[in-house]
Amino acid sequence: MNLTLRVPRLRWLAAIGAAAALAALAFGFGYARFASDVQRATQRVAHGSRIAETACGSIEYAEMGEGPALLVVHGAGGGFDQGIEFAAELARRGYRVIAMSRFGYLRTPLPADATPQAQADAHACLLDALGIERAAVAGVSAGAPSSLQFAIRHPQRTRALFLLVPLAYRPNARPTDTAAAQSRSSGLLARFMLERAVNSDLLYWLTLRLAPGLVAQTILGTPSEVLAEASVDERERAGRMMEHIMPLSLRHAGLLNDARVAQALAPYPLEKITVPTLVISVADDLYGTFESAGYTASKIPGARFLGYQRGGHVALGHHHAILDELVSFLSGAANFAVAAL
């Protein structure tokens, strides 16, 4: 081989080798950071909760505050930690907040019967284990089906019912409505997030690091422009929510079960719910809960529906107002309960 041809080729091979070495080094640093973040997330949910051995099986829960009992039922991708984060301010305002991990989330196992009806009975079993006769119930997002069933199946134990951006039945809803909304918002990337990334800690972590706006749209159900225009505090709240979905591996069974529940939504006998009820949703929620929330409220006697126009599924810009509404509602519900005695 001619020496003048061989030298450039060697330089080319050396450049490729150097690039490969740099790529491997970058991957190593990236994976190390991923592993560290997952370990931190795992340690975060390893503390602050207890396991109640109930007639319905083992249930993970956490408590905060003193006063009238408020059972907080978390949404998809959550656990006791999501419930406590949402309701910590309520505990400071004089309520005993009980936040459980629903079936398949964190340390609560997924039973053979993981329907909303069975989950509602498990809510009652947890209250039994804690010696609580009656409680107000706050069902957020995918926590709504079992919250509704609790009010239907255990009316004497329900002091009041609050639903926020609820996963709920509505007539003429197509099973693909949510998927279609998500697909319109981000196309193939949204489908990737919904079908693949939520099955993998690594894929979710990479997407969160590279495209947080996409995670906001497809996982938090919130338009990216709403997130961009939100206050610093609200953007930080959304960021914590996205971060705190990790570790997905400890929530995967619950997420899959929530997907099954969402595909099988059926009308409930809502007219049987007689306790004070407040339902709140947001018109630009990409999960489409606004219509189902309005329908649900219209079928529950005396229920109040409060709707916001912007804020997405996590109600950006309305968090403190919603907490104020909830405190006012719970105070009124307590007066209603006294008057009914």
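**Exercise 1. Determine which residues of helix α6 are buried and how they are placed around the axis.**

Solution. Step 1: helices (H or I, at least four residues) and strands (E, at least two) are taken as DSSP runs, numbered from the N terminus; helix α6 spans residues 201-210. Step 2: a residue is buried under 20% relative accessible area, exposed over 50%, and partly exposed in between (1.4 Å probe, protein chains only). In α6, D201, Y204, W205, T207 and L208 are buried. Step 3: these residues lie on the same side of α6, because they cover an arc of only 165° around the axis. The arc is that of the directions from the helix axis to the C-beta atoms. Step 4: at the start of α6, the backbone nitrogen of L202 has a side-chain oxygen of S200 within 3.3 Å.

The model is predicted: local features need pLDDT of at least 70 and side-chain atom pairs count only at pLDDT 80 or more, whereas totals for chains, interfaces and linings use all residues. Residues are numbered from 1 along each chain as its sequence is written, and side-chain values use heavy atoms, with hydrogens and water left out.

**Exercise 2. Describe the surroundings of T296.**

Solution. Step 1: T296 belongs to helix α11 (residues 289-299). Step 2: its relative accessible area is 1%, so T296 is buried. Step 3: a polar contact is a pair of N or O atoms within 3.5 Å; within protein, one must be able to donate a hydrogen and the other to accept it, and residues adjacent in sequence count only if both atoms are side-chain atoms. The side chain of T296 reaches the backbone oxygen of S292 at 2.8 Å. Step 4: with neighbours within four places in sequence left aside, T296 is in contact (heavy atoms within 4.5 Å) with L148, L163, A168, Y169 and L270.

**Exercise 3. Locate the disulfide and characterise its two cysteines.**

Solution. Step 1: a disulfide is a pair of cysteine sulfur atoms within 2.5 Å, and the whole structure contains one. Step 2: C56 is joined to C125, with an S to S distance of 2.0 Å. The link between C56 and C125 is right-handed, with 40° about the S-S bond. Step 3: the pair links distant parts of the chain, 69 residues apart: C56 is in the loop between β1 (50-54) and β2 (57-64), and C125 is in helix α3 (residues 116-130). Step 4: C56 is partly exposed at a relative accessible area of 33%, whereas C125 is buried at 11%.

**Exercise 4. Trace the strand pairing that involves β2.**

Solution. Step 1: two strands pair if DSSP finds at least two bridges between them. Step 2: β1 and β2 run antiparallel and are joined by five bridges. They form a hairpin with two residues between them, and R50 stands opposite Y61 in β2. Step 3: β2 also runs antiparallel to strand β4 (residues 96-100), with four bridges; here A62 stands opposite A99 in β4.
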